[in-house]
Amino acid sequence: MIFCIDEAITPEQIEEIHRLLKDAEFVDGKLTAGMYAKTVKDNYQLKGNTDAAKKVREIVHQAIAQNPLFKATVRPKTIRPIVFSRYEPGMSYGWHTDNAIMGERELVRSDVSLTLFLSDPDTYQGGELVIDTSLGEQSFKLQAGSMIVYPSTFLHQVTEVTQGIRFAAVTWFQSLVRDVQQREILFELDTVRRSIFEQYGKTVEFDLLCKTHANLVRQWSEV
């Protein structure tokens with residue numbers, strides 16, 4: 001289940017993020033990569049303990065947490081710290097799978113990965129996010145402010161940037177519902193019941209869907 005969410009953050013927020021990132025300190029992205037991913041990871045990442053990092057992380061975290069489509073599709077339980085990456089010409093991140101378990105003090109299972117695009121696609125060449133799905137490789141290069149969420153189980157890569165600078169924010173979530181097919185069922189049931197309510201109000205059929213949806217959430221959630 002891959003979802004692209006347009007305008008997750010506003011143009012004003014993007015402008016503020018770029019202002020904060022302009023003079024911020026970036027470090028080698030290999031510092032946060034797993035043992036094998038380090039061999040194919042070539043980018044810079046925003047140093048995490050600076051004032052700039054705290055401010056941009058707060059902007060993005062708040063926007064993600066308040067997005068209704070994100071909440072309906074992901075059903076987040078835990079979010080990992082948001083990482084801000086910068087790709088310059090010649091940089092890429094080869095094929096890899098995100099670590100299944102993340103963190104040190106508090107362990108988090110990565111169920112869902114998220115990439116928020118922060119650069120307009122016409123300002124850089126290359127830098128596509130490519131996800132290897134059951135339908136083959138799918139390539140994504142979204143507008144600045146748009147984000148994509150997808151199962152962390154997929155192999156994926158960021159192709160080489162050949163011109164310009166690519167900024168992005170990435171993070172990972174442990175979902176209340178571990179199974180991606182169960183999350184999809186819950187999302188579709190929720191979509192249908194919202195549609196019924198908008199068209200017909202609180203009917204017997206609406207109540208039955210609400211009961212079924214709630215009982216499936218009880219059965220499948222890990223709290």
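Predicted model: local features only at pLDDT ≥ 70, side-chain atom pairs only at ≥ 80, totals over all residues.
Strand S12 (residues 129-133) and strand S15 (residues 155-158) run antiparallel and are joined by four bridges. Within this pair, valine 130 has glutamine 157 of S15 as its bridge partner.

S12 and S15 belong to an open sheet of five strands, arranged in the order S3-S7-S15-S12-S13 with antiparallel pairing. At the edges stand strand S3 (41-42) and strand S13 (136-140); each has a single partner strand, so one side of each is left without a neighbour in the sheet. As a reminder, strands of a sheet pair through backbone hydrogen bonds, either parallel or antiparallel.

In an unreviewed entry, UniProt lists residues 77-175 as "domain: Fe2OG dioxygenase". In the model, this span is 60% strand and 0% helix.

Two helix pairs can be described in turn. Helix H1 (residues 11-22) and helix H2 (residues 51-65) have axes that come within 9 Å and cross at roughly 165°. H1 is therefore roughly antiparallel to H2, and their crossing is left-handed. On the H1 side, Gln13, Glu16, Ile17, Leu20 and Leu21 take part, and they meet Ala52, Lys55, Val56, Ile59 and Val60 of H2. Sorted by class, the contact of H1 with H2 holds seven nonpolar residues, one polar residue and two charged residues.

Next come helix H4 (residues 180-200) and helix H5 (residues 204-220), which pack at an angle of about 160° with their axes 10 Å apart. H4 and H5 are therefore roughly antiparallel to each other, and the crossing of H4 and H5 is left-handed. H4 contributes Gln182, Ile185, Leu186, Leu189, Asp190, Val192, Arg193, Ile196 and Phe197 to the contact. From H5 come Phe206, Leu209, Cys210, His213, Leu216, Val217 and Trp220. The residues in the contact of H4 with H5 comprise 12 nonpolar, two polar and two charged.

Notes: Residues numbered from 1 in each chain as written. Heavy atoms only, no water. UniProt positions renumbered as here; feature names shortened; annotations may be inferred. Pairing = 2+ DSSP bridges. Axes fitted to C-alpha atoms, helices over the stretch in contact; angles between N-to-C directions. Parallel < 35°, antiparallel > 145°, perpendicular 65-115°, else oblique. Left-handed = near helix turned anticlockwise from the far one by under 90°. Contact = heavy atoms within 4.5 Å. Nonpolar A, V, L, I, M, F, W, Y, C, P; charged D, E, K, R; others polar.
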